[in-house]
Amino acid sequence: MRPDGPAMAVPVEQLRRRKARDWSPGHGSPPRPERDPSGCPAHLRAGTFWLTRIVLLRALAFVYFVAFLVAFHQNKQLIGDRGLLPCKAYLKSVQQHFQGRVSWDAVSYAPTILWLLDWSHMDSNLDALALLGLGISFFILVTGCANMVLMAVLWVLYMSLVNVGQIWMGVPASGNRVPGDFLVPSLDSVSTAQEDTPSPDRSVGLSVADFQNHARSRPDQDPGGPMLAGPHLHGLPLRDTAGAQPRGLLPAPLSMVGPSLRDTQQPLPGAGGTLLHLPRTADVHPPWRPADPVPGPGCMVRQTVNLALGVLVAWLSIPVVLNLLSPKQVMNTSFSPLRIVNTYGAFGSITRERTEVILQGTASPNASAPDAVWEDYEFKCKPGDLRRRPCLISPYHHRLDWLMWFAAFQTYEQHEWVIHLAGKLLANDAKALSLLALNPFADRAPPRWVRGEHYRYKFSRPGGPHAADGKWWIRKRIGPYFPPLSLRDLKGYFRSREWPYPELE
């Protein structure tokens with residue numbers, strides 16, 4: 001057989017891999033590493049966190065996907081053209097505050113792409129931002145590929161929604177995910193199909209943002225998270241108890257997936273605070289290390305950008321640190337229009353009971369008649385029906401349910417959107433009712449009156465008489481939250497606030 005015949009032909013790539021596999025210290029120089037497009041070495045190196053980077057990218061893409069999915073399903077009802085708090089009215093108020101024009105001051109006060117779009121179709125604008133974010137995040141989640149441009153676009157899209165979301169985005173669940181997301185583009189181009197070499201310092205930014213979020217966090221009770229185990233957690237140590245939270249219920253590997261999975265709605269406060277502790281390169285690849293090549297121009301530019309981002313975050317963090325050291329700390333506050341740094345604080349104690357606002361309607365022409373039958377509206381997750389099992393929804397977030405819980409802490413005068421919601425229920429508004437689980441007036445005339453009742457809820461004791469009767473909850477009426485209202489009562493109220501008057505369905 002000829003030496004140069006087909007049987008002796010070996011692909012060049014196969015020879016290169018064989019040389020790399022057979023090389024060991026003392027047997028000559030290792031193969032010269034190739035470079036990635038940026039000019040940095042493309043081979044894996046011992047002691048790096050390449051797997052952390054890959055998993056972090058996909059986890060963040062999943063977080064973004066859920067966040068934009070929530071926005072697509074709920075933004076029109078909450079901040080759309082006929083939403084409970086229309087973002088068009090909010091932007092107009094910002095514009096009027098700055099002499100009635102779209103100036104740099106107005107844009108910097110509420111940075112959002114919506115300033116550049118036509119406000120006559122705000123529902124379409126909100127859907128477009130959410131769908132674009134869904135498409136990009138789904139692509140990254142499936143392929144594992146991204147670059148600085150794609151990650152920066154996701155950050156801009158999400159920030160554009162947060163900055164017009166008002167109270168719906170004002171809870172830690174939404175606004176406080178922005179700092180870590182801002183730093184992710186510095187992770188450079190990533191692909192799970194490539195053996196790229198991120199260095200550990202590129203994850204430091206997320207650690208800083210996570211520390212800022214958790215430096216003052218405490219266990220709290222989340223109306224949007226799983227509450228099924230709530231009654232059985234009260235006897236656990238404080239570090240394992242979070243009322244309605246799944247803290248301490250996850251296996252150790254999952255509890256390490258912190259900065260990303262937490263930030264969709266803060267469902268895992270006990271899981272945050274650490275980076276992904278995954279195997280380093282030395283644990284899964286041969287421990288040979290090629291000679292360090294001279295960094296190329298692209299690598300030097302990338303390192304300069306990373307350094308600039310670090311300096312920027314450090315400078316913006318000065319007021320955050322001063323606030324942390326102050327005896328009069330302000331929690332859940334942003335310190336810049338871009339929300340790159342902010343403070344996060346949960347609640348200081350865990351309660352065994354909770355107050356709730358129950359919305360009720362009646363078809364009776366006389367709301368004060370003793371024979372008037374009041375029927376309850378049921379929300380998708382917050383407590384209502386005593387026999388309905390607590391829901392498990394994480395990481396999805398029902399924003400209306402969450403804010404109904406906050407409204408129960410105060411009065412309806414401090415949460416005027418509750419009255420707006422009552423007006424929409426009086427008109428059987430389809431968009432508003434899509435956020436609810438049960439409309440007792442479906443397929444019939446809307447109620448003539450709607451009222452709010454204030455109740456105190458607590459879990460029924462396992463094995464007790466209420467549990468035996470199939471009741472998960474015990475509730476006691478506190479009193480009225482707001483009096484019976486009709487559409488006629490609300491006409492002037494809506495006009496004074498420039499809310500669109502509900503139209504009967």
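**Reading the features**

Modeller: Elements here are DSSP runs numbered from the N terminus, helices being H or I of at least four residues and strands E of at least two. The model is predicted: local features need pLDDT of at least 70, side-chain atom pairs count only at pLDDT 80 or more, and totals for chains, interfaces and linings use all residues. Residues are numbered from 1 along each chain as its sequence is written, and side-chain values use heavy atoms, leaving out hydrogens and water.

Colleague: How many bridges join β1 to β2?

Modeller: Strands of a sheet pair through backbone hydrogen bonds, either parallel or antiparallel. Here β1 (residues 353-362) and β2 run antiparallel and are joined by two bridges; pairing requires at least two bridges found by DSSP.

Colleague: In what order do the strands of the open sheet come?

Modeller: The order is β2-β1-β5-β6, four strands with antiparallel pairing. β2 and β6 (473-485) are the edge strands with a single partner each, so one side of each has no neighbour in the sheet. Helix α15 (residues 399-407) packs on this sheet and touches β1 and β6, its direction making about 105 degrees with that of β1. Contact here means heavy atoms within 4.5 Å. Axes are lines fitted to C-alpha atoms, for helices over the stretch in contact, with angles from 0 to 180 degrees between N-to-C directions.

Colleague: Next, aromatic rings. How many aromatic pairs does the structure hold?

Modeller: A pair of aromatic rings is described by the distance of the centres and the angle of the planes. The structure holds 21 such pairs. Rings of Phe, Tyr and Trp (its six-membered ring) pair with centres within 6.5 Å; planes under 30 degrees apart are stacked, over 60 edge-to-face, the rest tilted. Trp168 and Trp417 are edge-to-face, at 5.1 Å between centres and 65 degrees between planes. Trp168 is in the loop between α6 (148-162) and α7 (172-175) and Trp417 in helix α16 (residues 417-426), so the pair ties together parts 249 residues apart in sequence. Trp168 is buried at 2% relative accessible area, and Trp417 is buried at 3%. Tyr377 and Phe441 form a tilted pair, because their ring centres are 6.2 Å apart and their planes at 35 degrees. Tyr377 lies in the loop between β2 (375-376) and β3 (378-379), Phe441 in the loop between β4 (436-438) and β5 (449-459), 64 residues apart.

Colleague: Are Tyr377 and Phe441 buried or exposed?

Modeller: Both Tyr377 and Phe441 are buried; buried is under 20% relative accessible area, exposed over 50%, partly exposed in between (1.4 Å probe, protein chains only).

Colleague: Which cysteines does a disulfide join?

Modeller: A disulfide is a covalent bond between the sulfur atoms of two cysteines. Cys381 and Cys391 are joined, with S to S at 1.6 Å; the criterion is sulfur atoms within 2.5 Å. The link is right-handed, with 45 degrees about the S-S bond. Both cysteines are buried.

Colleague: And the backbone: which residues does a cis peptide bond join?

Modeller: Most residues other than glycine have a negative phi, and most peptide bonds are trans. Ser394 and Pro395 are joined by a cis bond, with omega about 10 degrees. Asp443, not a glycine, has a positive phi of about 60 degrees. Asp443 sits in the loop between β4 and β5 and is exposed, at 87% relative accessible area.
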